[in-house]
Structure formats: C-alpha cells, structure tokens
Amino acid sequence: MKKPSKLNNPSLTGLLGLSDHSSRKSYYAELEKKLAELEQEKNRYKGLFDHSLHGIFQADPQGNLLNANRAMARICGYSENGDLLSRVRSLKELFSERSTYSYFEEKLFKNGQIKDFETVFQLGGGSSELIYVSITAVMKTEPSYIIEGFVQDITVQKQAARELLVAATAFDSQEGMIITDQNRVIIRVNKAFTEVTGYLPEEVVGKTPAVLQSGRHDQRFYKQMDNSLKRQKYWQGEIWNKRKNGEIFPEYLTITAVESEEGVVTNYVAAFTDITRIKESEESIHKLAYFDSLTGLANRQYLMESLAKALKRARRTKLYGAILYIDLDNFKNVNDTQGHSVGDALLKEVSERLSSCIRDTDIAARLGGDEFVILLEHLGKEERDVQLGVNNVMEKMMSCISKGIRLNTFEYHASCSIGVTPFNGTETSDEVMKRADMAMYQAKWSGKNTCRYYDPDDLIPQFQLAELEVDLRNALSKQQLRLFYQPQFDSQKITGAEALVRWAHPDKGLIPPVDFIPLAEETGLIVPIGWWILETACLQLKEWSGIEGSRHLQIAVNVSARQFSQINFVEGVIKIIKETGADPNLLKLELTESLLVTDIEDTISKMNQLREQGIRFSLDDFGTGYSSLSHLKKLPLEQLKIDASFVRDIVTDEDDAEIVQTIIAMAYNLGLNVIAEGVETHEQKEFLELSKCHDFQGYLFGKPQPVEDFSENYLKSSICA
C-alpha cells in the first residue's frame, strides 16, 4: 500500500488553507522552486567562499575558529582549510603578538566591525616565517553572534613600500644624484646635488649634465666615458666639475644605465661625491712624504726616487746627469750663537737662492740639517759638456749664496762646500749619492768654500775616518746601536752579564766596539753613547726583575773615563735608575784604571755617592795599567776583573800564571771578589778555580749575543735556578 505524501496530509493542507487540489499543486511547485534557488545560492556562496582569493574565516565571539576557506589556509601556511581548522583553534594563535590580538578584539567588539586592520601572522605548518596581513571583520548578531572576516596577504606591498622608502632615503643621501632620460636630459636631482653644486633643481632640470663641465677634460675623456656606458652600461672614476659659482672641484662619479625589460636604455643614474677634502689630504700627505717642511724643497725620499728615474733616463738617452752635494760651511756656529730660529731662517733663504739657480726640470732637495742636493739631467753626451754645465750652475750657486743674508740684526755671509759626481745610468742611486758625499768632504778638506769632483785617487784614510764619524753621530738618532750581553758565571750558575755595545751599520753590517769606541772617545760621542748604554741596560734589568729565573742577575756596564768625569755623572745615573725602575743593587759599573791617575778624590767621591744608592763597582782590565794599591784601598770597589791578556796563556806561560795568582791573592787581601774574562777552555777554568777565582766570563760560557738569544740560551735553562 502506497504511503501517503506529507503534502497530501489532510491536517497539513487544512492548516495551510489549501482546500482544493489545484491550489495545493501550485503552492508545492512554488515551494520546490524556492528550495532549488536556495540550494543554488548556497552552492554559489560555497563556491565563492572556497575559491575566493582573499582569506575568509568565521569565529565565535570567543575567537574560536568555526570555518575558513582555502585562501585563508594558504595565507596562514597550510595546504588545506581542514589542516588549518584542525590545528588552529583560535584566531589568537595566528597573531604573532598576543597584545595585537587583544587590541583587534577590543576594537571589533566596541565598534561591531574593523576595517583594514594591519598585523603580522605567524605562519603555521612548521614554518617560522612572518607575514603581513590586512583584516576586515564584522560582528554579526543574527541569527546568532558570529565574527566574519576577510584576510589579505600584504607582505609584498609592505616590502615594496619598504624598498621605496629605502630608495627615497638613498636618493636623498649624502651623495649627489642626477637622474636623466635616455637622451641624458636631467629629470631629477636630489638635495645633496644642490648642496654640492649650488644649482637648484629648477635650474638644471631640462638641461644636460654638461652644465657642470669644468673644461679640464678633453673630448677624448668624455668619448671614453660614452664608450664605457655603451659597452658596460656603467662608468666610474674621478672627474673635475664646476659649481654654480664657478669653483672647480674634484668628485668621484658613478654613472649607471637603466634598461627596460627589452634591453633599451630608459634612464641614466649618476651618483657623485665631492672629494675636495680627500684631494687636499692626499696633497698634504704627499708634501709630508716627499717635501721638507721647513724649506719646501724635496726631501730625501723624493730625491732618491727621482734619482732612480733619472738614472734610467740617462741609460736610455745616453745623456749625462750630475749630483751636486752641498754643505754649508760653519753652519753649526750660527745655531750655537744665534739660536735655531735664526739657523732655520738661514736655511730657508739658502733654499730659495739654490732654487733660483737651477732649471725648472732640475730638482733641489734638502737632506736634513745644512745638507742640500741638486739633481741635474740632460747635460750632454760628452763629459766635457757635463763639466761645463755643472760649473755654470756651481758658479751661480756659490755667488748667490755668498751674498749677504740679513738675519735679525746682523748680516751673515755664507759659504758652502760642493761635491760633484756625474752619472750616465750605469750606477746605482746609492753609489751616486755616496760619491757626491765623498766629493763634498774632499771640498771641505781643501779649505771649504770650494767645489770638488769625485776622485777616488784623492781619498785618504782621514776621509774614511771622517765618514765613519758622520755615520756614528747619526747612529744614536737612527737607532743603529745594539746591546749584546755576555754571560758571567760562578762555579755553578749564571750570575749576570756584561753589556757590550755593537753598531748595526746599514752598509758595513755589525761593527764591533774596537772599531768605533776609540773614535767615540776622541770625538766625545762616547758620552751620549754611554748614557744610552746605561739606560738600555737598566731597562733590561727592570724587565728581568719580573721573571723568576732572571731577577737575581746583575748587569755590568762599562763607563768611560770621559763620561765618568762629567760634572752631572752621579745625578745622571741616579735619574736613570729612578726612571727605569731598575734595582741599583743589580747594576755594576766597570771602571778603567785610567780613572785612578787623574782626579782620584773626585773619583772616590762619585763612587761613594753611587755606592750609597746600592750600585756596585768593578775595576776593569786590572793589571794593564798603573793602579796604586793605596788608591785601591780607598775605592768602594766590590770586584777586580782580570784582563783577558793574562788569562789567555795561564796554562802555558808561567809568568801569566804567576800574575793571575798574585792578582787573586791581592784581591782577597783587600776583601774584593775576582772575575776573570777571556776564559775559553776548561783548563783555564780549572786553573782559576784552583787559584780561588770562582767567577768567569768568556767564550767557554758564551759569546756576546743579542738579548733575545741570551734569554733563549740562559734564562730558560735550569742553570738559572
């Protein structure tokens, strides 16, 4: 039996007031149509919901996610909306900052809606990436309270805005910038452009950058620039341009061509920096490096570089050149009697006069002090041509310099000694300079105020000695002196070292003291050298005092009779001790017997003053002089040092053996310690020990050596313990 339809239910039809059959049929047809339309609308809405490019979500008033479309899932980092809904329960979880969500919620509930609310989402799906989003949401009240929202990913827009901001900031940076069209017509400049050039934007827009041209560059320069822009779409380099006020200035310029996607140049962007200060600094550095600050002449560095180039040119052209080495006569007297300010004024005046006597292509240089050098080139292919040209220049110089020079209240008549050496490019720069220097000394020995050509046959031993003296005078200022240390031992361990000076000559190598100390004594240079030795040794004592294995070591320093006789000798020694922080009890001054035959009372007084400070004394080379035993008893000595000449043959020469034994016995009778120097063999050491001498110095224990080697050989060894 067929079950009756609900629509044919009598009670329902009566209720709807549908009495006749046709009316009921019409009504049901209309109802089915409406239902179909609703289903169609539902499907259309669902299609829009699922395929919308914007994210769509629904949430309850507590923020719990009820629904979300695929776009919402993709925005939040999930592949499907199902993944999003299963993993994210609340809107709050999407916000990177909880405080931002609280603000969003407050605005939404207060106003019932919120539009274009920008925030940052934390992507899900295992990603830690952040994205920028814009949210538009509304609070619906019917049929029930629900939050509906639209979400748009605006990360790209944010990045673009940031890039635009960076570009705008860069355009208004400290660099001047110009933007032109493809025809190089200016369409925009920045603020820095105006500050550097003085031109306002309206004064240059519509014109080409040629308005800035200084005129210092030729067409070839700009042609190369154009070629680079065509080939590489890029050019950079230094260029001179002109400001609005006409001032020419240097700039560092970079030009870049901007191309379309089709490869067509659409614009040019030029960025430039004013490098005026850099150029000024470079010029100042150049002057400091290559020119004398007092006279403005070239300095030694510039001269030597120029001479090297001149030698190459002479070798190539077969044309002679020449060096004139000039030294003012008796210049020291001016400094000593009138002061250095007057001496400087004289040097500046002489510099100007020398410069006035040479060609523009020649070079005048000041080497230092009162020494000048003139570099002449292209003097001819024959030596007689060279001599003629040089003589002409020398005569001008000597005549010009000899004219009276007003210095303060008196008129000074200067003279000079000139040494000359020609060159043809077969020599080195050092050889040429050395020859000219030697020729200058030949001129001085000839009576000054004269000229001499370099002639090796005229050299005499005194010249070599004078040359050595000049070098020695510069040895201290040029830091060429070195202290070597020779170890001193007792029978068991190292007790100290003697400080021995060496001269590290730049050309002659390491010079031993026997080759230059006599010269230093003769010239008085031994005094400043002696102070340097004493200060350096005290600094070494201070350094060793901080090392466990070396803090007990003494250093013996030789003091010349000339230095000891200085009035301020005691004060000078005490000052060095205080300034270096050295322990005076570890400093031993070695004096020679020559001190005992001059002013013995002054010697004793000075020794007593220093002995009170803790400083010890040793009498060096004992037995070679004429020491008086009565004097020895008065001197506050601690030690006698047996000269190596006696030690050398003590094993084979009975006389030397007897002398050494006598010295040792006498020392013990006077209460003095004895140390023997020049000990080279074990036999010598055994003889000395049997004779009751237990302190030694010599090659058997170690040669004089730099402090680095001394430390390596002795201070790290167990013999220091």
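Visitor: Is serine 618 buried or exposed, and what is its relative accessible area?

Guide: Serine 618 is buried, its relative accessible area being 0%; buried means under 20%, exposed over 50% and partly exposed in between, with a 1.4 Å probe and protein chains only. The model is predicted, with local features needing pLDDT of at least 70 and side-chain atom pairs pLDDT 80 or more, whereas totals for chains, interfaces and linings use all residues. Residues are numbered from 1 along each chain as its sequence is written, and side-chain values use heavy atoms, without hydrogens or water.

Serine 618 belongs to strand β23, which covers residues 616-622; a strand is a DSSP run of E, at least two residues, numbered from the N terminus. Leaving aside residues up to four places away in sequence, serine 618 touches Lys588, Leu589, Glu590, Leu591, Leu637, Gln639, Leu640 and Lys641 (heavy atoms within 4.5 Å). With glutamine 639, serine 618 also makes a polar contact, side chain to side chain, at 3.1 Å. Such a contact is a pair of N or O atoms within 3.5 Å; within protein, one must be able to donate a hydrogen and the other to accept it, and residues adjacent in sequence count only if both atoms are side-chain atoms.

Strands can also be followed in a sheet. Strands β11 (residues 321-328) and β13 (residues 371-376) are antiparallel partners over 6 bridges, and isoleucine 326 stands opposite phenylalanine 372 in β13.

Methods: Helices (H or I, at least four residues) and strands (E, at least two) are DSSP runs, numbered from the N terminus. Two strands pair if DSSP finds at least two bridges between them.
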